[in-house]
Amino acid sequence: MTKLWIVFLLMGCMLAHYFVSPDSPVISTSTSEPVQQEESNLVGYTSKEEIAAALDAANIFNFHYIDEIHYEGDELQIVQTLNRNMKGILQFDADAVRSAYVQDHAVHEEEFSQVYAVAISMDEPLFNVLQDGNIEVFVKQINVYFHESPLQADETTKLYHMQKEDSAWRILSITN
């Protein structure tokens with residue numbers, strides 16, 4: 001179960017743009033491939049307060065969500081879902097996270113007990129309507145992985161597969 005949550009949370013960290021202080025000594029960044037993490041190297045936080053304290057210690061204070069003003073219709077609903085998922089993880093809000101995913105997703109079966117990484121920035125979504133009616137969304141995001149020290153971050157493009165369920169767009173899957 002723990003490995004499934006790690007995979008889910010790492011993929012779920014797709015949403016906002018953090019602004020990191022350039023003089024911050026406790027975060028390392030990469031703009032190429034996503035950071036490869038081993039479960040034993042990650043630190044799991046169990047509350048909103050622990051997540052906030054770790055980010056504060058790394059001088060990460062601002063989060064960047066996709067700007068909803070630029071979208072309408074289905075695209076706006078999808079952006080709202082992605083933003084809700086990012087905010088839910090940052091605030092350790094299991095209900096918000098679960099509401100962003102289709103009912104068949106494993107997130108509804110697992111206990112929301114620890115967070116190993118968060119998205120601090122999401123931007124520039126590109127939408128592609130598929131033949132089956134689902135929509136794939138490519139999103140630039142910055143993820144922060146929790147370690148003892150230093151925190152590690154990467155900038156990557158995530159692919160979100162979105163599916164309309166009960167008139168709402170929800171996350172079906174996330175791919176690196």
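Modeller: Let's start with Lys140, which is partly exposed at a relative accessible area of 40%. On this scale buried means under 20% relative accessible area, exposed means over 50%, and partly exposed is what falls in between, using a 1.4 Å probe and protein chains only. Keep in mind that this is a predicted model, where local features need pLDDT of at least 70 and side-chain atom pairs count only at pLDDT 80 or more, while totals for chains, interfaces and linings use all residues. Residues are numbered from 1 along each chain as its sequence is written, and side-chain values use heavy atoms, with hydrogens and water left out.

Now for the partner. Lys140 pairs with Glu124 in a salt bridge, with 3.2 Å between the closest N and O atoms. Glu124 is in strand β4 (residues 117–129) and Lys140 in strand β5 (residues 135–145), so this pair links distant parts of the chain, 16 residues apart. Glu124 is partly exposed too, with a relative accessible area of 46%. For the bookkeeping, a salt bridge here is a side-chain nitrogen of Lys or Arg within 4 Å of a carboxyl oxygen of Asp or Glu. Helices (H or I, at least four residues) and strands (E, at least two) are DSSP runs numbered from the N terminus. As a rule, side chains of opposite charge can pair when their charged atoms come close.

Searching the whole structure turns up three salt bridges. Another one joins Lys164 and Asp74 through their side chains, at 3.3 Å from N to O. Lys164 belongs to strand β6 (residues 151–165) and Asp74 to helix α3 (residues 73–90), so this pair ties together parts that are 90 residues apart in sequence. Both ends are partly exposed: Lys164 has a relative accessible area of 40%, and Asp74 comes in at 34%.

That leaves Arg170 and Glu165, whose side chains meet in a salt bridge at 3.3 Å, N to O. Arg170 is buried, with a relative accessible area of 16%, and Glu165 counts as buried as well, at 16% relative accessibility.

Of its 176 residues, 47% count as buried. Taking contacts (heavy atoms within 4.5 Å), 68% of those between residues at least 6 apart in sequence join residues at least 24 apart.
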